[in-house]
Amino acid sequence: MLSYQTNFLEKPENHLKAAQALVRSKRAQGFAALNDLFRAGAVPEPPPNGRYAGELLAPDIAPGLTQFFQGLFHLWMPWRGKTFAASYGRGDNIFTKDSYLLARLFNPLYRGFVSDGPKTYRGFAFRTYKAPGLFDADRTVLKIDYNLKENPAFTVRRVLDELVKLDDNLYLGKAHVHWWWGKWQTVAYFSLVSE
């Protein structure tokens, strides 16, 4: 387990990379280290505003599925980050154009995709607000809530991300899914840095 007692605030990006590497060799310890980092973070003040490059740090869905998606995301990761409009408490996600046809195939009725230049498009809007963490009720986090009527009801609307600030330009997020059988699960950790 990593220690964040004394030098965490000096080099949080080093702790984040170390936790991510630990996930690959000792999965349970790596996720515990990521959770420790998340709990050591602070609610973002001021809230994020503008474009942020994203990195999926570690998925954790279910045995077998996690390894499959880890391998797939190692070869091809279309998610590139998020945009935030802090004054509106809104934002959306950035994806590479090579995923657009697949996104349309899996979301045929969704009308929220917008072009974002020659290489990317955006979609799956969210609203943001501060509240206690889903599994960290003793911490205030920035909620990234996809439960909006314009999002696909059976998939995207079941996602709730949470974000904390680790450094001036480094944020750590947890992605949660509300499964159809009623249980919430943390399915991934991700990071954001302003572009």
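A salt bridge is counted where a side-chain nitrogen of Lys or Arg lies within 4 Å of a carboxyl oxygen of Asp or Glu. By this criterion, Asp138 and Arg139 form a salt bridge, with 2.9 Å between the closest N and O atoms. The model is predicted: local features need pLDDT of at least 70, side-chain atom pairs count only at pLDDT 80 or more, and totals for chains, interfaces and linings use all residues. Residues are numbered from 1 along each chain as its sequence is written, and side-chain values use heavy atoms, with hydrogens and water left out.

The protein chain has four helices and nine strands. These are DSSP runs, numbered from the N terminus (helices: H or I, at least four residues; strands: E, at least two). The order from the N terminus is α-α-β-α-β-β-α-β-β-β-β-β-β. Of the 195 residues in the protein chain, 45% are buried. Here buried means under 20% relative accessible area, exposed means over 50%, and partly exposed lies in between (1.4 Å probe, protein chains only).

Helix α1 (residues 12–25) packs against helix α2 (residues 27–40). The angle is about 155°, and the axes are 6 Å apart. The pair is therefore roughly antiparallel. Axes are lines fitted to C-alpha atoms, for helices over the stretch in contact, with angles from 0 to 180 degrees between N-to-C directions. Angles under 35 degrees count as roughly parallel, over 145 as roughly antiparallel, 65 to 115 as roughly perpendicular, and the rest as oblique. The crossing of α1 and α2 is left-handed; in such a crossing the near helix is turned anticlockwise from the far one by less than a right angle.

The whole structure holds 14 salt bridges. One of them joins the side chains of Lys17 and Glu55 at 3.3 Å, N to O. Lys17 lies in helix α1 and Glu55 in strand β1 (residues 50–59), so this pair ties together parts 38 residues apart in sequence. Lys17 is partly exposed at 48% relative accessibility. Glu55 is also partly exposed, at 30%.

A second contact links the side chains of Arg39 and Asp138 at 2.7 Å, N to O. Arg39 belongs to helix α2, and Asp138 to the loop between β5 (120–132) and β6 (140–145), so the pair ties together parts 99 residues apart in sequence. Arg39 is partly exposed at 24% relative accessibility. Arg139 is partly exposed as well, at 29%. Arg39, Asp136, Asp138, Arg139 and Lys174 are linked in a network of salt bridges.

Nonpolar side chains also reach the surface. Leu102, Leu105 and Phe106 form a nonpolar patch there, with about 350 Å² of accessible area together. Patches are made of residues with over 30% relative accessible area and no salt bridge; like charges are joined within 9 Å, and nonpolar side chains (Val, Leu, Ile, Met, Phe, Trp, Tyr) within 5 Å. Accessible areas come from the Shrake-Rupley method with a 1.4 Å probe, and for residues only the protein chains shown count as cover. Leu105 sits in helix α4 (residues 100–106) and is exposed at 62% relative accessibility. Phe154, in the loop between β6 and β7 (159–167), is exposed at 62%.

Two backbone features stand apart. Most residues other than glycine have a negative phi, and most peptide bonds are trans. The peptide bond from Glu45 to Pro46 is cis, with omega near -5°. Pro46 is in the loop between α2 and β1. Phe124, in strand β5, has a positive phi near 60°. Phe124 is buried, with a relative accessible area of 12%.
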